[in-house]
Amino acid sequence: MTFPVGDTEKHTVVFSFDKFWGRLTITVDGQSVVDTVRGFSASTVKTWAFEVGRQERHAVRVEKHRATFFAGFRPQPVYAFVDDALVAQGVA
């Protein structure tokens, strides 16, 4: 999932999740912000929050939701928020 951030200071955020290996990455303009491997988790919602921009700062939040059972075999909705406004959604 890719989405833009900023009005005058433009940035591109890319969210990627591989359900098979559990690798999750978030990049801003090609620079890694999150790079992790997700194993078992009791939480059904995982959230990553960070700021983007230098002169024009924006709060970015990405949420990945999963089902309680057999999550690896079900769609996992992903929501992206910029300054608390939903700007993109997809499925992992």
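**Entry 1: what I'm looking at.** I'm working from a predicted model, so I keep in mind that side-chain atom pairs count only at pLDDT 80 or more.

Entry 2: I started with strand 5, residues 45-52, and strand 6, residues 58-65. In which sense do they pair? I found them antiparallel, with eight bridges. I then looked up Val52 and found His58 of strand 6 standing opposite. Five residues sit between the two strands of this hairpin. I checked Gly53 there, and its phi is positive, near 110°.

**Entry 3: salt bridges.** How many salt bridges does the structure hold? I get four. I went through some of them one by one.

**Entry 4: Asp35 and Arg23.** The side chains of Asp35 and Arg23 meet in a salt bridge, with 2.7 Å from N to O. I traced where the partners sit: Asp35 belongs to strand 4 (residues 31-37) and Arg23 to strand 3 (residues 23-28). They are 12 residues apart, and the pair links distant parts of the chain. Buried or exposed? I looked up both partners. Asp35 has a relative accessible area of 46%, which makes it partly exposed. Arg23 is partly exposed as well, at 42%.

**Entry 5: Glu51 and Arg57.** Glu51 has 51% relative accessibility, so I put it down as exposed, because the cut-off for exposed is over 50%. Arg57 comes out at 47% and counts as partly exposed.

**Entry 6: Asp84 and Arg61.** Next I looked at the salt bridge where the side chains of Asp84 and Arg61 meet, 2.9 Å from N to O. Where does Asp84 lie? I found it in the loop between strand 7 (77-82) and strand 8 (85-91), while Arg61 is in strand 6. For accessibility, I noted 64% for Asp84, which counts as exposed. Arg61 is at 23% and counts as partly exposed, since buried means under 20%.

**Entry 7: a network.** Which residues are linked with Arg61 in a network of salt bridges? I wrote down Glu63 and Asp84.

Notes
Residues are numbered from 1 along each chain as its sequence is written. This is a predicted model: local features need pLDDT of at least 70, side-chain atom pairs count only at pLDDT 80 or more; totals for chains, interfaces and linings use all residues. Side-chain values use heavy atoms; hydrogens and water are left out. Two strands pair if DSSP finds at least two bridges between them. Helices (H or I, at least four residues) and strands (E, at least two) are DSSP runs, numbered from the N terminus. Buried means under 20% relative accessible area, exposed over 50%, partly exposed in between (1.4 Å probe, protein chains only).
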